[in-house]
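Hi everyone, thanks for making time this morning. I'd like to walk you through one structure, residue by residue, so please have a look at it with me.

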Amino acid sequence: HVLRGTDISRRIVDAAGVTADQHVMEVGPGTGNLTIPLLETGARVTAYELDERMHVAVRARAHQRGFDDRLVCHRLDVLAADLPP
C-alpha cells in the first residue's frame, strides 16, 4: 500500500509524538507521504525501501524540501538486512 494524503500522515506523526530530538526508522517509505511529515518535525529518519522508483522518489522529495541532512534512505530488502538491535 502507498499511504495517500498528507492529513492522515500528519495525524499519524502527531499521534506518535515524534519530536526533533528523535531518530525514526521507516520501513517502506514509498514516495515519502509519511517520511516528509516525519522530517518536518525536525526528526532524523532512516528509511529502507526495496523499490528503486520509490527510493528515488522519496529522496527527491526530501531534497526538494531541504531535508537531505536528516534522511538516510537505504535501497534494500529490510527482511534480509542485518539491522542493529
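In which strand does Arg44 lie? Arg44 lies in strand S2. Before I go on, please keep in mind that this is a predicted model.

Let's stay with Arg44 for a moment. Its relative accessible area is 42%, so Arg44 is classed as partly exposed. Setting aside neighbours up to four places along the sequence, Arg44 is in contact with Gln22, His23, Val24 and Arg70. With one of these, His23, there is a polar contact of 3.3 Å between the two side chains. Met54, on the other hand, is 10 residues from Arg44 in sequence, and their C-alpha atoms are 19 Å apart.

Now to another residue of that strand. Ala47 is also placed in S2. Is Ala47 buried or exposed? Ala47 counts as buried, because its relative accessibility is 0%, and the cut-off for buried is under 20%. Beyond four places in sequence, Ala47 touches Glu26, Pro29, Leu71, Val72, Cys73 and His74.

Leu71 deserves a stop of its own. Its contacts, again without residues up to four places away, are Thr35, Leu39, Val45, Ala47, Val58, Arg59 and Ala62. Leu71 also belongs to the largest nonpolar core, which has 14 residues. Val18, Val24, Leu38, Leu39, Val45, Ala62 and Leu71 are the ones that touch the most other members. Two or more core residues come from each of H2, strand S2 (44-49), helix H3 (52-64) and strand S3 (71-75). H2 gives the largest share, with three residues.

That brings us to Thr35, which sits in helix H2, residues 35-40. Thr35 has a relative accessible area of 0%, so this residue is buried. What does the side chain of Thr35 join in a polar contact? The partner is the side chain of Glu26, at 2.5 Å.

Last, let's go out to the surface. Leu3, Ile8 and Ile12 form a nonpolar patch there, and together they have about 200 Å² of accessible area. Ile12 is part of helix H1, residues 6-16, and is partly exposed, because its relative accessible area is 38%. How far apart are Ile12 and Ala47? They are separated by 35 residues in sequence and by 17 Å in space, C-alpha to C-alpha.

That's my tour, and I'm happy to take questions!

Methods:
Residues numbered from 1 in each chain as written. Predicted model: local features only at pLDDT ≥ 70, side-chain atom pairs only at ≥ 80, totals over all residues. Heavy atoms only, no water. Helix = DSSP H or I, 4+ residues; strand = E, 2+ residues; numbered from the N terminus. Buried < 20%, exposed > 50% of the residue type's maximum accessible area, 1.4 Å probe, protein only. Polar contact = N/O pair within 3.5 Å; in protein donor to acceptor, adjacent residues only side chain to side chain. Core = buried A, V, L, I, M, F, W, Y, C linked by side-chain atoms within 4.5 Å. Contact = heavy atoms within 4.5 Å. Patch = residues over 30% accessible without salt bridge, like charges linked within 9 Å, V, L, I, M, F, W, Y side chains within 5 Å. Areas by Shrake-Rupley, 256 points an atom, 1.4 Å probe, with all protein chains shown as cover. Salt bridge = Lys/Arg side-chain N within 4 Å of Asp/Glu carboxyl O.
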